[in-house]
Amino acid sequence: MGRKISFMHLWYLDHISWNIDYQDYYKCDPHDFDGSDAQKRMVMGGEAAMWGEMVDATNVIQRIFPRTSAVAEKLWSSAKFTKADPATVWPRLQEMQCRMVRRGFPAQPGYGPGFCEVEYEPNLPDFDN
């Protein structure tokens with residue numbers, strides 16, 4: 001009979017590379033494994049995991065976003081939509097990054113320097129007073 005599962009080994013967010021890693025996350029498919037159709041129907045979805053060995057409160061948000069945005073789009077959109085070239089995802093991730101920056105989150109650019117109409121302004125201590 002089997003048990004329903006959710007994959008996360010495809011999306012370990014602490015495996016950061018110098019490359020444009022959101023594209024690698026977007027290419028992952030939790031149904032892409034050697035198994036029967038019945039086994040593949042047991043896959044409920046996936047999840048992104050961020051382990052704490054290389055992050056703390058100073059960089060966790062930047063590591064998570066926009067990477068989780070790519071994973072979310074992959075898992076929550078139809079296969080027809082997500083089978084497109086991962087490079088076509090960038091405008092949507094850039095929009096999400098800018099949306100997060102406007103809301104005060106330090107989201108990292110996912111494709112090198114980009115442009116948001118609002119710059120993130122960190123709340124740094126005032127050492128002059």
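Helices (H or I, at least four residues) and strands (E, at least two) are DSSP runs, numbered from the N terminus. Over the chain, pLDDT averages 81, and 94% of the residues score at least 70. Where pLDDT is low, the predicted coordinates should not be read in detail.

The structure is a predicted model, in which local features need pLDDT of at least 70 and side-chain atom pairs count only at pLDDT 80 or more, while totals for chains, interfaces and linings use all residues. Residues are numbered from 1 along each chain as its sequence is written, and side-chain values use heavy atoms, with hydrogens and water left out.

An unreviewed UniProt entry places the feature "domain: Glycoside hydrolase family 20 catalytic" at residues 21-78. UniProt positions are given in the numbering used here, feature names are shortened, and annotations may be inferred rather than shown by experiment. The span of residues 21-78 is 47% helix and 7% strand, and its end C-alpha atoms lie 21 Å apart.

The buried residues of H4 include Arg-67, Val-71 and Lys-74. They pack against H1, H3, helix H5 (79-82) and H6, where contact means heavy atoms within 4.5 Å. Arg-67, in helix H4, counts as buried because its relative accessibility is 4%. Leaving aside neighbours within four places in sequence, Arg-67 is in contact with Leu-13, Ile-16, Asp-21, Tyr-25, Gln-62 and Gln-108.

Aromatic rings come next. The structure holds one aromatic pair, formed by Tyr-12 and Trp-51, whose ring centres are 6.2 Å apart and whose planes meet at 55 degrees, so the pair is tilted. Rings of Phe, Tyr and Trp (its six-membered ring) pair if their centres lie within 6.5 Å; planes under 30 degrees apart count as stacked, over 60 as edge-to-face and the rest as tilted. The pair links distant parts of the chain, 39 residues apart: Tyr-12 belongs to the loop between strand E1 (5-7) and helix H1 (21-27), and Trp-51 to the loop between strand E2 (43-46) and helix H3 (60-64). Tyr-12 is partly exposed, at 25% relative accessible area, and Trp-51 is also partly exposed, at 41%. Elsewhere, the charged end of Lys-40 sits over the ring of Phe-33, 5.6 Å from its centre; this requires NZ of Lys or CZ of Arg within 6 Å of the ring centre and within 35 degrees of the ring normal.

One disulfide is found in the whole structure, a disulfide being a pair of cysteine sulfur atoms within 2.5 Å. It joins Cys-98 to Cys-116, with an S to S distance of 2.0 Å. The link is left-handed, with -85 degrees about the S-S bond. Cys-98 in helix H6 and Cys-116 in the segment after H6 are 18 residues apart, so-called distant parts of the chain. Both Cys-98 and Cys-116 are buried.

Arg-103, in the segment after helix H6 (90-102), is exposed, with a relative accessible area of 63%.

Conventions. Buried < 20%, exposed > 50% of the residue type's maximum accessible area, 1.4 Å probe, protein only. pLDDT = per-residue confidence, 0-100.
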